[in-house]
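Subject: Structure handover

Hello,

Here is the structure I said I would pass on. My notes on it follow below.

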Amino acid sequence: MKAVQIVELSGPRDALKLVDVAEPEPSHPSTPGQGVLVEVHAAGVSFPEVLQTRGQYQVKPEVPFTPGSEVGGIVKSAPEDAHVKAGDRVAAFCMLGGWAEVAVAPAFFAFALPDELDFAHGAGLVLNYHTAYFALQMRGRLTEGETVLVHGAAGGVGTAALQVARGLGARTIAVVSSDEKERVAREAGAEEVVRSDGPWKDQAKEISGGGVDVVVDPVGGERFTDSLRSLREGGRVIVVGFTGGAIPEVRVNRLLLGNTEVIGAGWGAYVLRRPELNVEIGQAIDRLIAGGFVRPIVGARFPLEQAADALELIDGRGATGKVVLDVAAPAL
Ligand SMILES: NC(=O)c1ccc[n+]([C@@H]2O[C@H](COP(=O)([O-])OP(=O)(O)OC[C@H]3O[C@@H](n4cnc5c(N)ncnc54)[C@H](OP(=O)(O)O)[C@@H]3O)[C@@H](O)[C@H]2O)c1
């Protein structure tokens, strides 16, 4: 089968090679038992894969390896304990190996794809939306009527956080860096949009009537202290990632003075050890899809062979929503 592999850590462009490799076995290396084999139609591209092409991500397989953490496709085979069966349309989180014609995912990471969503949506569903729900609901304890400020709001995690926050009954403020990203954030349900290079902290306090309840932060870096300052008493900053590069440090006296919290939300490693939690989050996301709140925004699509273009788009801060590789033509 065709696959795109990372063959050296000189990324993004020079690290990739289109190769012919054997189809994977249905057993998944990360979990005991059989996995779900998926005929891949669309594969997601995300920030961690940019880092993987440079050997800078926490998951560092030996080269050559096939990256790609999530796919939309059709089940070729599934074990008894899976919630999907051969022939089903699925969104699956495979961790690695998704940039290929066939991928394998643990049974608990394969979710039936609702009729409203196509394969490209499926390739953008698990990582970002499960993370957003885990961060907002399970870690951030978001309640209806609270105000959520989302950094990197036009990105993959950002658009998902906006949609999930709206679905959970929150008010939303997006922080973005350009007009085009403002358009995307509004499409994802942002009620208010402020600019990252402007006085966003003061604007957020004014919009929210004194301070926001929750900040979702996939960016980190310089803006972290102002995120803390933008909170109302009892507010929470949820740490999701560091696209801005620098990992911020917290002077904890700020937390004491404001009665505020900084909360880590690391979805992948946590749910990998709790298969039943994935079912619960999958059902919650299905309800948000059925309610019309969740629909992944596919910002750019490339054929599998052009995976380097997809990575460069993300690396250059030009991506909006989910970047997707088309691996096969959609089935009828
Ligand atoms: N904790 C978890 O479980 C979890 C799960 C999934 C992803 N993540 C992490 O979350 C982060 C965001 O992922 P994503 O898929 O949403 O990425 P993305 O689609 O590329 O979006 C990231 C956003 O970050 C902002 N940004 C600010 N400075 C940047 C810079 N120097 N370079 C690139 N972007 C910059 C950009 O928005 P503006 O231009 O508007 O500022 C961009 O839209 C990544 O670090 C990823 O590893 C964590």
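Please keep in mind that this is a predicted model.

Strand β5

Strand β5 covers residues 89-93, and five of its five residues are buried, so the strand is largely enclosed by the rest of the structure. In a regular strand the side chains alternate between the two faces of the sheet. In β5 both faces are covered: R89, A91 and F93 are buried on one side, and V90 and A92 are buried on the other.

What does β5 pair with? Strand β4 (residues 70-77) pairs with β5 in the antiparallel sense, over five bridges. In that pairing G72 stands opposite A91. Strand β7 (residues 110-112) also runs antiparallel to β5, and three bridges join them. Here the residue opposite V90 is A112 of β7.

The parallel sheet

There is also an open sheet of six strands with parallel pairing, in the order β10-β9-β8-β11-β12-β13. Its edges are β10 (192-195) and β13 (261-264); each has a single partner strand, so one side of each is left without a neighbour in the sheet. From one strand to the next the twist averages 20°.

The partner of β13 is strand β12 (residues 231-239), which runs parallel to it and is joined to it by four bridges. R236 stands opposite E261 of β13. Helix α6 (residues 200-207) packs on this sheet, where it touches β8 (147-150), β9 (171-176), β10 and β11 (212-217). The direction of α6 makes about 160° with that of β10.

A190 belongs to the loop between α5 (179-187) and β10. A190 has 28 C-beta neighbours inside 10 Å and therefore counts as buried. Setting aside neighbours within four places in sequence, its contacts are A153, L162, T172, I173, A174 and A185. A190 and I173 are 17 residues apart along the chain, and their C-alpha atoms are separated by 5.8 Å.

Helix α3 and its neighbours

Helix α3 (residues 126-139) packs with helix α4 (residues 156-167) at an angle of about 55°, and their axes are 8 Å apart. The two helices are therefore oblique to each other. Their crossing is right-handed. On the α3 side the contact is made by N128, Y129, T131, A132, Y133 and L136, which meet G156, V157, A160, A161, V164 and A165 in α4. By class, this contact has nine nonpolar residues, three polar ones and no charged ones.

How do α3 and helix α10 cross? The axes of α3 and α10 (residues 275-290) come within 10 Å, with a crossing angle of roughly 100°. These two helices are therefore roughly perpendicular to each other. Y129, H130, Y133 and F134 in α3 meet I281, A284 and I285 in α10. The contact of α3 with α10 has six nonpolar residues, one polar residue and no charged residues.

M138 is also part of α3. With 17 other C-beta atoms within 10 Å, M138 is partly exposed. M138 and I281 are 143 residues apart in sequence, while their C-alpha atoms are 9.6 Å apart in space.

Backbone details

Two peptide bonds are noted here as cis. The bond from G11 to P12 is cis, with omega near 5°, and P12 is in the loop between β1 (2-6) and β2 (16-20). The bond joining V63 and P64 is cis as well, with omega about -5°. P64 lies in the loop between α1 (47-52) and β4.

Positive phi values come next. R141 is not a glycine, yet its phi is positive, at about 55°. R141 sits in the loop between α3 and β8, and with 14 C-beta neighbours inside 10 Å it counts as partly exposed. N259, also a residue other than glycine, has a positive phi near 50°. Its place is the loop between α8 (253-258) and β13.

Is N259 buried or exposed? N259 has 11 other C-beta atoms within 10 Å and is therefore exposed.

Regards

Key: Residues are numbered from 1 along each chain as its sequence is written. This is a predicted model: local features need pLDDT of at least 70, side-chain atom pairs count only at pLDDT 80 or more; totals for chains, interfaces and linings use all residues. A residue is buried if 20 or more other C-beta atoms lie within 10 Å of its own, exposed if 12 or fewer, and partly exposed in between; C-beta atoms are placed from the backbone. Two strands pair if DSSP finds at least two bridges between them. Axes are lines fitted to C-alpha atoms, for helices over the stretch in contact, and angles run from 0 to 180 degrees between N-to-C directions. Angles under 35 degrees count as roughly parallel, over 145 as roughly antiparallel, 65 to 115 as roughly perpendicular and the rest as oblique. A crossing is left-handed if the near helix is turned anticlockwise from the far one by less than a right angle, and right-handed if clockwise. Two residues are in contact if their C-beta atoms, placed from the backbone, lie within 7 Å. Ala, Val, Leu, Ile, Met, Phe, Trp, Tyr, Cys and Pro count as nonpolar, Asp, Glu, Lys and Arg as charged, and the others, Gly among them, as polar.
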